[in-house]
Amino acid sequence: MPNAILDPTGPVSASTTSAAKPAVPRAPRLASLDGKRVSLLINTKQNARPFLEEVGRLLKNRYGVTLTERTKVNFAVPEPEDVIKELVADSDVVITGVGDCGSCSAAAAADGVVLEAAGVPVAAIITDSFIPTADAMAALRGAPGYKYATTAHPVAALTEDKVKERAAQVLDEVVALLIEDSPTVPNPEDEA
Amino acid sequence: MTAANTDGAAAGDAVATDASTGPDPDEAQRAIEYCYERGWSDGLPLVPVSQPLLDAFLATTDKDSEEIIGALEQVGRDVNVRTAAINAAMAGCKPEYFPVVLAAFEALMRERAARGGGFQSTSGPSPLIVVNGPIRKELGFNTAGGAFGPGFRANATIPRAIGLIVRNAFGIHPHVLEQATQGLPGRWQVCIAENEEESPWEPFAENGGVTGGVSAVSATLTRTMEFVDNRHTPNPEDVLRDFQDTIGRIGSLIFPLTSVALVLCPEHAQMFAAAGMSKADVQNWLIERCGRTGAEFKSKGKAEVARTGFRGEYEGDDAFHKILAGPASIPVIVAGAKNAAISMVVRIFGEWSGTAVPVGEKK
């Protein structure tokens, strides 16, 4: 009887694949953003701050939201539990980004999944080069098919004006991710 | 030329084994292909691992096979001794290398950049592993010419084992969670055994806190390297200025501070030592001088590198901006043959933790 070939992926891999886990719940969407508290979770990547600040400014103009800014502790990894708790307490919605690298795009998706599970709708903004890694991380975190907003890569090298332009372009997608009956993004509950 | 023939090679072919008593190449090939099909390979053939081989690895350590030796929280994965051993065996390690693999992995996971997003990074960083002490000779590490490889089983398979652990145990696969833009040559292939015999200075492990000639491993993540070939001058300061020039290249600088490992050939190291310089003297000479003016950074669009600290102000066009923070930002290792004055500047990804890990002995 020959010996079996041993599997090098470890005992945990089976339990962390997306198929084996129940889907993490997504927060209920808001009826509207009018007067809501918006937290901007800035990941410190080049141009992330002006990008999110412009998104915030446009939301303030359009919906009269109040804005809070927060800087990610470490762009490369998901936020620690205490920060998540504070965000949940302080925010009606969170906007995070800009995921424009291997680790930070994954971390933005991971933060989004955790905050959604805690009841806060999130719009994570990721550059289109990192869709596979954001999707893989969301699936790892139990939220396959997790929805986020995308903007063209790169963001880091854009001029100030171009950053503002991009923020304006992504705004509808961000809003659609956060509220019900969005015209541009299908309701993920329908796909469950 | 050769006829397809399952009974043996065609007449005239060189035959290395006796078909009746030697290993079965066809069976070996099937096992290798099986490993490819499962997605376990880094692209090169793997050694298929059986329980007896795993047992031989586990017998080299006092650690429990279920002990967790590293975790990557962001992907929700960890690795235990057993899984590490399977990957080390697959990489082609001998069982007796396994304590070095464990020490190298522990050293690497001490690095903030490795625990953070390093393995997922667009930079595609690769470990630089440095082995010190008697284990170098005991396990047959190459301590002389061709320090960066290839050609030697211990040097070649131990870093590969780390790469396979990251791939298989942490689940970091290219194009998915691993997002290297171009990666770098020699990724998962660099394990230097320091040339202690021809180094004029203390072993590198001592700089990492392991003294007394104990076998130890140091590791950090790196982003490629550039050689400095300087066999042109008897003046050590000229050679230091040559290093200064290479270390100060703007292309690789993205933050106000950087780190480089200086892998000196014995000839350069001995030249500095003969001039009365300790390792610290070499480090301090370079720490004081490596950098560029604000204007030089600015002309390449990198004014933001010339800031005081990570979020500080631009220091000005004329200000000389130093890029090395201290000795931990420029570890000095001696490696290679004493046959030419060729050294290597290795770009560190993030920062070396400044620690070495003793190789665990089976009690």
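Select A:Thr44 to begin: this residue is partly exposed, because 14 other C-beta atoms lie within 10 Å, where buried means 20 or more other C-beta atoms within 10 Å of a residue's own, exposed means 12 or fewer, and partly exposed lies in between, with C-beta atoms placed from the backbone. The model is a predicted one, in which local features need pLDDT of at least 70 and side-chain atom pairs count only at pLDDT 80 or more, while totals for chains, interfaces and linings use all residues. Residues are numbered from 1 along each chain as its sequence is written, and chains are lettered from A and ligands numbered from 1 in the order in which they are written.

A:Thr44 sits in the loop between S1 and helix H2 (48–63) of chain A, where helices (H or I, at least four residues) and strands (E, at least two) are DSSP runs numbered from the N terminus. Its phi is positive, at about 75 degrees, although A:Thr44 is not a glycine. Most residues other than glycine have a negative phi, and most peptide bonds are trans. Now select A:Asn47, which is also placed in the loop between S1 and H2 of chain A and has a positive phi near 75 degrees without being a glycine. A:Asn47 counts as buried, with 21 C-beta neighbours inside 10 Å.

**Across to A:Arg29**

From A:Asn47, move to A:Arg29, which is 18 residues away in sequence and 28 Å away in space, C-alpha to C-alpha. A:Arg29 lies in the loop between H1 and strand S1 (37–42) of chain A, and it is partly exposed, with 18 other C-beta atoms within 10 Å. Leaving aside residues up to four places away in sequence, A:Arg29 touches A:Pro121, A:Leu178, A:Ile179 and A:Glu180, contact meaning that the C-beta atoms of two residues, placed from the backbone, lie within 7 Å.

**Two cis peptide bonds**

Select A:Gly97 and A:Val98 next, which are joined by a cis peptide bond with omega about 0 degrees; A:Val98 belongs to strand S3 (residues 93–99) of chain A. A cis peptide bond, again with omega about 0 degrees, joins A:His153 and A:Pro154, and A:Pro154 is found in the loop between strand S5 (149–151) and helix H6 (160–178) of chain A.

**Where the chains meet**

Show both chains together: 26 residues of chain A are in contact with 36 residues of chain B. On the side of chain A that touches chain B, helix H1 (13–16), helix H4 (102–117) and helix H5 (131–140) each supply at least two residues, and H4(A) gives the most, with six residues.

**Inside chain B**

Chain B holds 12 helices and 11 strands. Taken along the principal axes, its C-alpha atoms fill a box of roughly 75 × 50 × 45 Å, and 47% of the 363 residues of chain B count as buried.

For a last stop, select helix H4 (residues 98–109) and helix H7 (residues 153–169) of chain B, whose axes come within 10 Å and cross at roughly 60 degrees; these axes are lines fitted to C-alpha atoms over the stretch in contact, with angles running from 0 to 180 degrees between N-to-C directions. Where do they meet? B:Val100, B:Val101, B:Ala104, B:Phe105 and B:Leu108 in H4(B) meet B:Ile158, B:Ala161, B:Ile162 and B:Ile165 in H7(B).
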